[in-house]
Amino acid sequence: MENASKALIMAGSVLIAIVILGVLIYVLNSASDNQRSSQKIEVAEQLDIFNKEYEAYNRNLLRGTDIVSVMNKAESNNKKYGVAQQNEPNYLMQIEFEMIDEIQEGNTNLKPNIRYTLKDFLNIKNNNAVFTELKRRVFDCKQIKYHNITGRVYYMLFIERRVDE
């Protein structure tokens, strides 16, 4: 009889240990689920903040200074993700703008109805007269695209608007 009571005590101890282990696993899973949820919320908030920075330019009647601002943001973004993340294509921005009339100053000749990229913009920034003229122009945002994997804005197109003088 003494062996039977010891066996029951051992079985009870094993059962209690299993229950305690089960509770611990449940608590740890709940904590990790909560952490994953909070990480997803944080990523969604960061995505929303990033997109809002560019969506602010998704409108008509933008000054050239606004184009300069969005181009500088894109340049900064591309430096951050192009170099630091080994040319991570999912995070690089493409901004283009199109001019109605050409701007000529020295060796820089901006031709009309041609789309200029961020690379072109960097050259324009180096020519004071052309850069000043660009800032005086008026543009409309004609297209904005979101990356299908990251959900981030990755492309914007601005076309100059003819303003009656």
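A: Start with the terms: helices, of at least four residues, and strands, of at least two, are DSSP runs numbered from the N terminus. Keep in mind that this is a predicted model.

Q: How many helices and strands does the protein chain have?
A: The protein chain has four helices and seven strands. Along the sequence they follow the pattern α-β-α-β-β-β-β-α-α-β-β.

Q: What span should H1 have, and how far apart are its end C-alpha atoms?
A: The expected span of a helix is 1.5 Å times one less than its number of residues. H1 has 54 residues and should span 80 Å; its end C-alpha atoms are 79 Å apart, which agrees.

Q: Which residues of H1 are buried?
A: Buried means under 20% relative accessible area, and exposed means over 50%. In H1, Phe50, Asn51 and Tyr54 are buried. For Asn51 the relative accessible area is 7%, so this residue counts as buried. In the protein chain, 30% of the 165 residues count as buried.

Q: What does Asn51 contact, leaving aside its neighbours within four places in sequence?
A: Asn51 is in contact with Tyr146, Gly151, Arg152 and Val153, once those neighbours are left aside. The side chain of Asn51 also reaches the backbone oxygen of Gly151 at 3.0 Å.

Q: Where is Gly151?
A: Gly151 belongs to the hairpin of E6 and E7, which has six residues between the strands. There Gly151 takes a positive phi near 80°.

Q: Which residue has a positive phi although it is not a glycine?
A: That is Leu61, with a phi of about 60°. Leu61 is found in the loop between helix H1 (2–55) and strand E1 (62–63). Its relative accessibility is 53%, so Leu61 counts as exposed.

Q: How do strands form a sheet, and in what order do they stand here?
A: Strands of a sheet pair through backbone hydrogen bonds, either parallel or antiparallel. Here five strands form an open sheet in the order E1-E6-E7-E2-E5, and the pairing is mixed. E1 and strand E5 (115–116) stand at the edges with a single partner strand each, so one side of each has no neighbour in the sheet.

Q: How many bridges join E6 to strand E7?
A: Seven bridges join E6 to E7 (residues 153–160), and these strands run antiparallel. In E6, Val138 is the bridge partner of Arg63.

Q: How many salt bridges does the structure hold?
A: A salt bridge is a side-chain nitrogen of Lys or Arg within 4 Å of a carboxyl oxygen of Asp or Glu. The structure holds nine salt bridges. In one of them, the side chains of Asp48 and Lys52 meet at 3.3 Å, N to O. Asp48 and Lys52 are four residues apart in helix H1, so about one helical turn separates them.

Q: Which residues are linked in a network of salt bridges?
A: Glu133, Arg136, Arg137 and Glu160 are linked in such a network. Arg136 forms a salt bridge with Glu133, with the closest N and O atoms 3.9 Å apart. The side chains of Arg137 and Glu160 meet at 3.1 Å. Arg137 lies in the loop between H4 and E6 and Glu160 in strand E7, so the pair ties together parts that are 23 residues apart in sequence.

Q: Are Arg137 and Glu160 buried or exposed?
A: Both Arg137 and Glu160 are buried. Arg136, at 56% relative accessibility, counts as exposed.

How values were computed:
Residues are numbered from 1 along each chain as its sequence is written. This is a predicted model: local features need pLDDT of at least 70, side-chain atom pairs count only at pLDDT 80 or more; totals for chains, interfaces and linings use all residues. Side-chain values use heavy atoms; hydrogens and water are left out. Buried means under 20% relative accessible area, exposed over 50%, partly exposed in between (1.4 Å probe, protein chains only). A polar contact is a pair of N or O atoms within 3.5 Å; within protein, one must be able to donate a hydrogen and the other to accept it, and residues adjacent in sequence count only if both atoms are side-chain atoms. Contact means heavy atoms within 4.5 Å. Two strands pair if DSSP finds at least two bridges between them.
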